[in-house]
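Colleague: I would like to learn how to read a structure of this kind, one feature after another. Could you take me through it slowly, with the general idea before each case?

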Amino acid sequence: MRKTIIAGNWKLYKTINEAIELANGLKRELFKANFSAVDVVLCPVFTALSEVAEVLNETDIQLGAQDLYWQDEGAFTGEVSAPMLKDAGCRYVIIGHSERRQFFGETNEMVNKKIKAALKHELTPIICVGENLQEREANNTFKVIEGHIQGALVDISAKDMLKSVIAYEPVWAIGTGKTATGEQAQEVHKFIRDLLRKIYGEEVASSVRIQYGGSVKPENIVELMGKPDVDGALVGGASLKVDSFSSIVIKASEVVK
Ligand code: PGA
């Protein structure tokens with residue numbers, strides 16, 4: 001049994017006060033519902049982490065960051081490390097998001113180092129993989145996904161893999177309003193699970209949670225969650241409003257597999 005995990009990636013949105021307001025709104029809304037069947041994670045910008053941690057204190061909602069640097073400390077201007085994220089109250093960290101790969105030149109090697117740093121400090125990495133439109137249209141989806149997975153997981157043990165989460169995010173579906181259909185998501189999720197089986201064996205393959213990301217909304221979460229290998233969602237735009245994100249969490253918690 002894989003516990004559903006819904007994470008909100010707030011990207012470069014929300015000042016500290018706005019982040020506190022959103023976190024408070026979600027706390028209130030989710031408190032009314034029973035979401036114990038779902039792990040809920042909020043990933044604000046770095047500057048709002050401590051304040052959001054305070055809002056989430058003594059709730060079942062977890063805190064995550066959107067990135068980290070692989071060194072613990074040093075002369076690395078502008079970076080934030082795993083121990084610092086832990087210190088701010090994080091349990092999760094998104095790694096290798098397509099926007100980091102696309103706009104900040106992140107490579108599979110960097111993603112691999114970041115995953116190792118997260119695991120070393122007991123942060124759960126949410127490892128993002130996904131093809132862009134050209135790659136999909138050229139029928140290279142599986143090749144690209146395999147490259148991302150193999151590259152990200154170099155020297156990651158089965159024990160560490162069991163502590164990790166994968167997010168399949170087709171780049172063509174991110175922020176575009178175009179969602180993958182349930183079938184399209186399932187096809188790639190199954191491919192990823194089969195790859196994990198080849199690399200690590202059955203226990204890891206059947207335990208690791210694979211989220212879908214890319215224009216997830218209250219209107220499509222049920223279809224996506226209905227697929228056997230879709231274990232949750234990484235939500236961008238729809239995580240910025242109390243109504244849409246809490247509705248996604250509640251609807252996801254009602255899908256029985
Ligand atoms: P979106 O973003 O839900 O706005 O498409 C998802 C993501 O980038 O994680």
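Modeller: What follows goes from the strands to the helices and then to some side chains. This is a predicted model, in which local features need pLDDT of at least 70 and side-chain atom pairs count only at pLDDT 80 or more, while totals for chains, interfaces and linings use all residues. Residues are numbered from 1 along each chain as its sequence is written, and side-chain values use heavy atoms, with hydrogens and water left out.

Colleague: How are the strands arranged, and in which sense do they pair?

Modeller: Strands of a sheet pair through backbone hydrogen bonds, in either a parallel or an antiparallel sense. Strands here are DSSP runs of E with at least two residues, helices are runs of H or I with at least four, and both are numbered from the N terminus; two strands pair if DSSP finds at least two bridges between them. In this model eight strands form a closed barrel in the order β1-β2-β3-β4-β5-β6-β7-β8, with parallel pairing. From one strand to the next, the twist averages 25 degrees.

Colleague: Which strands does β5 pair with, and which residues are bridge partners there?

Modeller: On one side, β5 pairs with strand β4, residues 92-95, in the parallel sense over four bridges. Within that pairing, Y92 has T124 as its bridge partner, and I94 has I126. Strand β6, residues 165-168, also runs parallel to β5 and is joined to it by four bridges, with V129 standing opposite Y168.

Colleague: Is β5 mostly covered or open, and which way do its residues point?

Modeller: A residue is called buried under 20% relative accessible area, exposed over 50% and partly exposed in between, using a 1.4 Å probe and protein chains only. Strand β5, residues 124-129, is mostly covered, as six of its six residues are buried. T124, I126 and C128 point one way from the strand, whereas P125, I127 and V129 point the other way.

Colleague: Where does V208 lie, and is V208 buried or exposed?

Modeller: V208 belongs to the loop between α10 (202-207) and β7 (209-213), and with a relative accessibility of 1% V208 counts as buried. V208 and I166 are 42 residues apart in sequence, yet their C-alpha atoms are 7.6 Å apart in space.

Colleague: How should I read two helices that pack together, such as α5 and α7?

Modeller: Two packed helices are described by the angle between their axes and the distance between the axes. Axes are lines fitted to C-alpha atoms, for helices over the stretch in contact, and angles run from 0 to 180 degrees between N-to-C directions. Angles under 35 degrees count as roughly parallel, over 145 as roughly antiparallel, 65 to 115 as roughly perpendicular and the rest as oblique. The axes of α5 (residues 108-120) and α7 (residues 141-152) come within 8 Å and cross at roughly 45 degrees, and the two helices are therefore oblique to each other.

Colleague: What can be said of the aromatic side chains Y69 and F76?

Modeller: Rings of Phe, Tyr and Trp (its six-membered ring) pair if their centres lie within 6.5 Å, and planes under 30 degrees apart count as stacked, over 60 as edge-to-face and the rest as tilted. The structure holds four aromatic pairs. Y69 and F76 form a tilted pair, 5.0 Å centre to centre with 45 degrees between the planes. Y69 counts as buried at 15% relative accessibility, whereas F76 is partly exposed at 33%.
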